[in-house]
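These are my notebook entries on a look through one structure. I went through ring contacts and then a strand.

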Amino acid sequence: MRASSGNRCWHGILAGLSLVLAVPATAQDARMVPTPAPAEPNAIRLDTGGVAGSSAPESWFSQYGVAMARNVSTATLTPFLPDPAKATGTAVIVAPGGGFLMLSMENEGWRVARALADRGIAAFVLKYRLKPTPPAMPQFEQAVAAMFAGAGRATTRLRPDAAATGLAEPIADAQAAFALVRAHAREWHVDPARVGMMGFSAGAMTTMATALKAPELRPAFLAPIYGSMEPVVVRPDAPPLFAVLAADDPLFARKGLGLIDSWRQANRPVEFHLYGQGGHGFGLGKRDTTSTGWFAAFIAWLDMNGLLKPGAGDAKP
């Protein structure tokens with residue numbers, strides 16, 4: 001994004017991603033309807049810079065009844081903090097998806113963060129920088145359709161380690177998010193050693209790319225939710241991995257489970273849930289499918305790994 005070669009990297013990444021929401025909807029629901037920007041009173045600016053070549057302002061729209069953002073050129077982090085009395089000390093940076101053209105802020109950000117906070121886990125929704133798109137909605141819709149043509153073919157390869165070279169801005173935003181959470185650890189009742197990252201679709205790609213490109217962050221865990229399952233090179237000290245995918249995911253279900261194999265072959269902790277139905281973009285779960293069980297499984301997995309012990313929120317930075 002800083003130069004023409006960066007734009008080509010973005011194009012290659014986007015060619016393998018799409019926003020295909022699994023929730024039932026009418027044709028009207030599927031339309032992208034411009035909306036006013038919502039109030040984000042708790043959003044904290046990360047000061048990681050802008051987006052080269054971006055001229056359109058950040059804008060919001062509704063699709064399938066949920067809030068989406070596009071043309072994000074200023075990264076922010078929004079805290080969703082639990083009641084201090086039940087804070088576990090564990091924190092999760094949550095990265096919504098949207099093919100790096102948009103962010104599903106409500107379905108894959110705020111709703112997930114509230115659910116985490118309800119269980120004593122501090123959650124931080126990362127609004128990371130995106131590829132510039134046309135300001136007018138009709139041209140934006142055309143750009144999305146053109147970019148996503150053919151996405152999900154079994155022959156389309158999208159390895160997180162290869163894609164990471166074109167994700168400098170989202171990775172920098174994630175690095176700043178980790179730094180901010182740890183800098184405020186005492187105030188937010190967070191154990192600095194218990195900060196992990198979760199992402200959905202393109203957010204899952206951002207999660208994995210960040211871990212691969214910035215291992216010095218030492219995330220406590222990684223949770224890619226319906227992201228690329230391509231194999232990667234796993235470090236000997238890689239964090240525990242919790243991954244979720246639906247067998248009928250139109251983007252990633254036909255590309256193997258190399259990511260899981262990579263973690264297992266490196267003898268690193270991994271848990272993987274493959275649901276029979278759910279499609280792509282199901283957020284906390286698609287109604288009337290077993291995909292609604294992934295969040296409870298994730299909480300149980302954190303507990304099994306000792307990350308929900310009461311009183312951990314008093315840990316000092």
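I began with a charge over a ring: arginine 70 lies over the face of phenylalanine 140, 4.2 Å from the ring centre. The criterion I applied is NZ of Lys or CZ of Arg within 6 Å of the ring centre and within 35 degrees of the ring normal.

I note that this is a predicted model, in which local features need pLDDT of at least 70 and side-chain atom pairs count only at pLDDT 80 or more, while totals for chains, interfaces and linings use all residues. Residues are numbered from 1 along each chain as its sequence is written, and side-chain values use heavy atoms, with hydrogens and water left out.

Next I looked up aromatic pairs (Phe, Tyr and Trp rings, the six-membered one for Trp, with centres within 6.5 Å; planes under 30 degrees apart are stacked, over 60 edge-to-face, the rest tilted). I found 13 of them. Tyrosine 226 and phenylalanine 282 have ring centres 4.7 Å apart and planes at 65°, so this pair is edge-to-face. One aromatic cluster comprises Phe200, Tyr226, Phe282, Trp294 and Phe295.

I then turned to strand S6 (residues 91–95); strands are DSSP runs of E, at least two residues, numbered from the N terminus. Five of its five residues are buried. Ala91, Ile93 and Ala95 point one way from S6, Val92 and Val94 the other.

Technical notes: Buried < 20%, exposed > 50% of the residue type's maximum accessible area, 1.4 Å probe, protein only. Helix = DSSP H or I, 4+ residues; strand = E, 2+ residues; numbered from the N terminus.
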